[in-house]
Amino acid sequence: MTQTNQTVCPYCSGNGYVQLILGGSETCYSCSGKGTAVKDKQ
Ligand SMILES: [Zn+2]
């Protein structure tokens with residue numbers, strides 16, 4: 001299995017959005033709603 005440089009976004013767990021405590025949701029600021037976090041050059 002080949003590892004890509006994409007991984008599930010830790011902030012939204014791949015949902016692309018985060019639940020707000022007060023209710024509702026907003027687009028994940030970390031992945032811009034993609035649900036994946038790109039591992040940039042380490
Ligand atoms: Zn995210």
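Predicted model: local features only at pLDDT ≥ 70, side-chain atom pairs only at ≥ 80, totals over all residues.
Next, switch to a cartoon view. You will find four strands and zero helices, so named from the runs of each type along the chain. Walking along the sequence, the pattern reads β-β-β-β.

Now colour by confidence. The average pLDDT for the protein is 88, and 86% of the residues score at least 70. Select residues 25-27, which form strand β3: here the confidence is highest, with a mean of 96. Then select residues 36-38, strand β4, where the mean of 87 is the lowest.

Time to zoom in on one residue. Select 6-8 for β1 and 17-19 for β2, then look at the loop between them: Cys-9 lies there. Is Cys-9 buried or exposed? Cys-9 counts as buried because 21 C-beta neighbours lie inside 10 Å, and the cut-off for a buried residue is 20 or more.

Who are the contacts of Cys-9? Leaving out residues up to four places away in sequence, select Gly-14, Cys-28, Ser-30, Cys-31, Gly-35, Thr-36 and Ala-37, and you have the residues that Cys-9 touches. Pick Cys-28 from that group and draw a distance between its C-alpha atom and that of Cys-9: the separation is 9.0 Å, although the two residues are 19 apart along the chain.

Finally, zoom back out to the whole protein. Among contacts with a separation of 6 or more, 28% join residues 24 or more positions apart.

How values were computed:
Residues numbered from 1 in each chain as written. Helix = DSSP H or I, 4+ residues; strand = E, 2+ residues; numbered from the N terminus. Contact = placed C-beta atoms within 7 Å. Buried ≥ 20, exposed ≤ 12 C-beta atoms within 10 Å, placed from the backbone. pLDDT = per-residue confidence, 0-100.
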